[in-house]
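User: I am new to this structure and would like to learn how to read its features one at a time. Could you take me through them slowly?

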Amino acid sequence: MRISPYLRDQNPSSRMQARLGQWYLAWLRMRRNSLAMTGLYIIVILLLVAAFAPLIAPYDPLEQDLGRRLLPPLSPGHLLGTDDFGRDMLSRIIFGSRITLYIVSLVAVTAPVLGLAVGTVSGYFGGWTDRVLMRLTDIFLAFPRLILALALVAVLGPGIENAVLAIALTAWPPYARVARAETLTVRSSDYIAAVRLQGAGAGRIIWGHVMPMCLPSVIIRVTLDMAGVILIAAGLGFLGLGVQPPLPEWGLMISSGRKLLFEQWWVATMPGLAIFIVSLGFNLLGDGLRDVLDPRNSGK
Amino acid sequence: MTLLSVKNLRVTFDTESGVVEAVRGVSFSLGRERLGIVGESGSGKTMTGRSILRLIRPPGHIAADEMVFDGIDLIRATEKEMRALRGQRIAMVMQDPKYSLNPVMRVGAQLTEGLRQRDKLSKSDAYEKAVVALDAVQIRDPERVMDAYPHELSGGMGQRVMIAMMLIPNPDLLIADEPTSALDVTVQAEVLSILDDLVKTRGMGLIFISHDLRLVGRFCDRVLVMYKGRVVEDLAAKDLLQAKHPYTQGLLNCLPRIGGNRGPLPDLDRSAEWAG
Amino acid sequence: MLIEIENLSVTYHAKGRVIRAVQDVSLTVAARESYGLVGESGSGKSTILRAICGLAPITAGTIRIDGKPLAAPRSRDFVRQVQMVFQDPYASIHPRHTIDRTLSEPLAIHGLANSDARVIQALTDVGLPTSFRFRYPHQLSGGQRQRVAIARALMLEPTILLLDEPTSALDASVQAETLNLLSRLRTERGLTFLMVSHDLAVIDHMCDRILVMQHGRAVEELTRGQLAGAEMHSAYARTLFDASADRMLQG
């Protein structure tokens with residue numbers, strides 16, 4: 001393998017090679033953790049299913065066929081059965097993965113970014129900046145997430161974008177706290193003192209020196225939170241306040257299958273299983289990332 | 001009489017980048033005397049000390065041709081047997097009392113814990129014994145110290161408490177891993193003389209692990225010099241200045257002296273054949 | 001006199017307690033001189049260095065560099081004149097930056113050109129192979145990291161180098177190499193050193209004049225000759241001397 005010696009080179013000849021080399025070593029460390037790899041595979045399968053949904057799904061997820069309603073799993077042509085409108089469960093779950101992924105990615109790129117920014121600025125400057133920003137964070141933290149998301153959706157109206165906004169607005173405070181805690185530790189270290197002594201301004205220090213140290217904790221936290229995000233989206237969908245029918249969002253599917261739970265259990269259970277598996281995947285991956293990112297890379 | 005006999009001790013660690021050999025075939029024997037193990041970082045001296053008490057956890061692995069303490073085979077002993085040995089017959093004092101004393105327990109509680117649980121002494125008997133132990137390490141106001149938390153004590157005081165705690169069960173062998181390295185220079189002298197006294201009066205064996213060759217030379221009867229997992233020299237402390245091995249000589253000569261010349265300090269030739 | 005410190009006091013207020021880290025200390029350092037501050041923990045020696053850099057507050061007294069009082073916050077000219085080497089090589093270099101980034105950052109901050117060439121030159125000056133340029137700190141030993149810290153301090157070509165126990169965290173043999181490197185660089189570049197250590201032998205080897213400190217106060221100032229001849233007057237300086245000389249074997 002020609003790539004491997006390039007990545008394992010003890011004396012890299014560019015910053016890019018050095019960085020890729022470190023990621024490669026981190027990857028090798030993670031590979032030794034089979035639970036984390038299981039989580040990773042689950043997420044990869046999620047990504048692939050979402051990407052190739054039109055090619056994999058046997059039917060159109062929105063196509064109704066009232067003559068073939070409520071068929072049980074393993075019926076010919078319908079591996080996971082059909083729902084009360086005759087729509088194929090398997091196809092709906094496959095397309096539902098896209099919606100799940102959409103929600104998860106939007107939240108993952110907005111909430112942590114906001115949290116990191118607030119946390120590092122608050123932790124680095126201290127004093128009044130810290131107090132004001134932390135009180136703001138406390139206010140958002142004090143509300144139970146689902147209730148706050150409900151309130152926001154009630155104000156903004158139902159729909160997938162509003163559901164994502166609601167979730168993101170409630171998800172950022174923990175990241176701010178995590179980032180602030182890391183920043184407080186990092187702030188008093190010698191390497192920060194050294195760069196201050198070179199005349200660096202606060203912006204350069206926060207962006208280039210403090211944030212890279214906060215990233216691992218935030219990344220791990222985000223991964224572990226993804227399960228919660230999916231469940232909140234499912235909760236909103238379940239309550240009819242997030243994604244609207246006939247979109248095949250998993251939470252919504254559980255809701256509409258609720259009344260059929262005893263006789264036609266698969267209508268609610270299949271999407272429930274999908275949520276369970278994906279949440280499990282994120283949790284396992286998050287745990288694995290914690291082992292890889294935290295102890296080795298912090299200092300010695 | 002030999003208290004401890006170690007032959008061909010090997011300690012390896014299984015990491016993702018391969019096997020790391022921390023100790024590569026170390027052999028020595030110890031009677032009721034003071035043995036100093038000296039080396040720089042990475043020499044394997046701490047690992048050697050910890051292997052005796054089997055304090056190394058996976059992915060570390062201990063192997064030896066022989067590791068016998070007073071007739072007990074330390075390699076083949078069960079974990080239960082090791083637990084009975086640790087603290088009772090073989091004790092260990094570590095570098096920084098801030099990290100080796102429990103920060104949320106008062107000193108008195110820590111000192112009497114072992115006595116009450118293991119020896120089943122009553123509260124007052126255990127207290128008495130603890131005060132006697134503190135007295136032995138020359139702590140003038142034992143009651144105040146018994147009531148204090150570790151962070152309220154100075155470094156030297158904390159280390160003396162640590163020594164007192166380790167010596168209560170009257171062990172046969174004490175392993176001291178850099179016991180004075182975290183202390184100020186004037187306090188070091190005090191703590192060392194206390195340790196010296198105690199070891200002499202109780203007739204214990206002492207393994208003194210340090211990076212400071214001159215300190216060990218002054219304090220111990222015999223010196224083992226380690227480099228990269230191997231013993232490079234084993235000699236009596238009084239013969240230290242006549243050391244034969246180039247590493248030992250290098251280590252002796254590379255330190256600056258008060259009143260020495262100001263030219264460049266001689267440094268070690270790491271490319272020599274012994275270095276590897 | 002290049003560095004003039006007059007009646008410096010540094011007092012910290014933490015949780016209702018008052019900590020007088022430095023109390024009324026005065027000293028002067030001439031250009032190209034090497035001045036040592038020696039004392040045990042809590043003596044305030046490191047705090048003086050931090051006060052010069054602006055990392056510790058000056059409660060009373062004045063510090064003048066080259067005759068000019070210090071601006072708060074420290075000016076750009078100041079950082080190009082005064083730099084510091086910290087004690088712990090494991091903590092003074094950013095663990096996530098390559099050596100190249102650590103060394104080129106001061107140049108980037110001050111807009112100095114020719115970064116590539118200067119970084120390579122800096123590595124060579126401190127005796128590190130240029131192939132180390134894109135390594136991370138955890139791939140270097142303690143001694144190598146300290147060399148990087150020294151190289152970094154010299155990137156802006158300062159005239160004064162503050163050294164906070166630069167070799168305390170290093171093995172004996174590595175300490176020798178590092179002290180030799182510092183001496184060589186000082187001679188080559190005509191630097192002025194203000195060095196802090198708890199090790200009297202190290203201070204004696206590196207410095208021309210020495211100030212003994214205890215509990216934040218200046219106890220006694222000695223020249224190197226006086227130290228070697230054990231001509232100290234204060235009891236504390238003598239205790240320190242005895243404790244250090246005591247650790248040496250006969251010879």
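User: Which residue of chain C forms a salt bridge with A:R204, and how far apart are the closest N and O atoms?

Analyst: Please keep in mind that this is a predicted model. In this model the partner of A:R204 is C:E105, and the closest N and O atoms of that salt bridge are 2.8 Å apart. Between chain A and chain C the count is 3 salt bridges, and there are also 13 residue pairs in polar contact, with both residues at pLDDT 80 or more.

User: Which helices of chain A each supply at least two residues of the side that touches chain C?

Analyst: They are helix 2 (15-31), helix 9 (190-197) and helix 10 (202-238) of chain A. The largest share, 7 residues, comes from helix 9 of chain A. Sorted by class, the side of chain A that touches chain C has 11 nonpolar, 12 polar and 6 charged residues.

User: How many residues are in contact between chain A and chain C, and what area is buried between them?

Analyst: On one side 29 residues of chain A are in contact with 37 residues of chain C, and the area buried between the two chains is about 2900 Å², of which carbon and sulfur atoms give 54%. Within chain A, the residues that lose the most area to chain C are A:R15, A:L197 and A:Q198, which together make up 26% of what that side buries.

User: Which residues touch the most other members of the largest nonpolar core?

Analyst: As a general idea, nonpolar side chains tend to be buried together in soluble globular proteins. In this model the largest nonpolar core has 110 residues, of which B:L174 and B:F208 touch the most other members, and the largest share of this core, 8 residues, comes from helix 7 (residues 155-167) of chain B. Leaving aside neighbours within four places in sequence, B:F208 is in contact with several residues, including B:L35, B:I37, B:L192 and B:F219. Apart from this core lies another, of 73 residues, among them A:L80, A:V195, A:M226 and A:V243.

Note on methods. Residues numbered from 1 in each chain as written. Chains lettered and ligands numbered in written order. Predicted model: local features only at pLDDT ≥ 70, side-chain atom pairs only at ≥ 80, totals over all residues. Heavy atoms only, no water. Contact = heavy atoms within 4.5 Å. Buried area = accessible area lost by both parts, 1.4 Å probe. Salt bridge = Lys/Arg side-chain N within 4 Å of Asp/Glu carboxyl O. Polar contact = N/O pair within 3.5 Å; in protein donor to acceptor, adjacent residues only side chain to side chain. Helix = DSSP H or I, 4+ residues; strand = E, 2+ residues; numbered from the N terminus. Nonpolar A, V, L, I, M, F, W, Y, C, P; charged D, E, K, R; others polar. Core = buried A, V, L, I, M, F, W, Y, C linked by side-chain atoms within 4.5 Å. Buried < 20%, exposed > 50% of the residue type's maximum accessible area, 1.4 Å probe, protein only.
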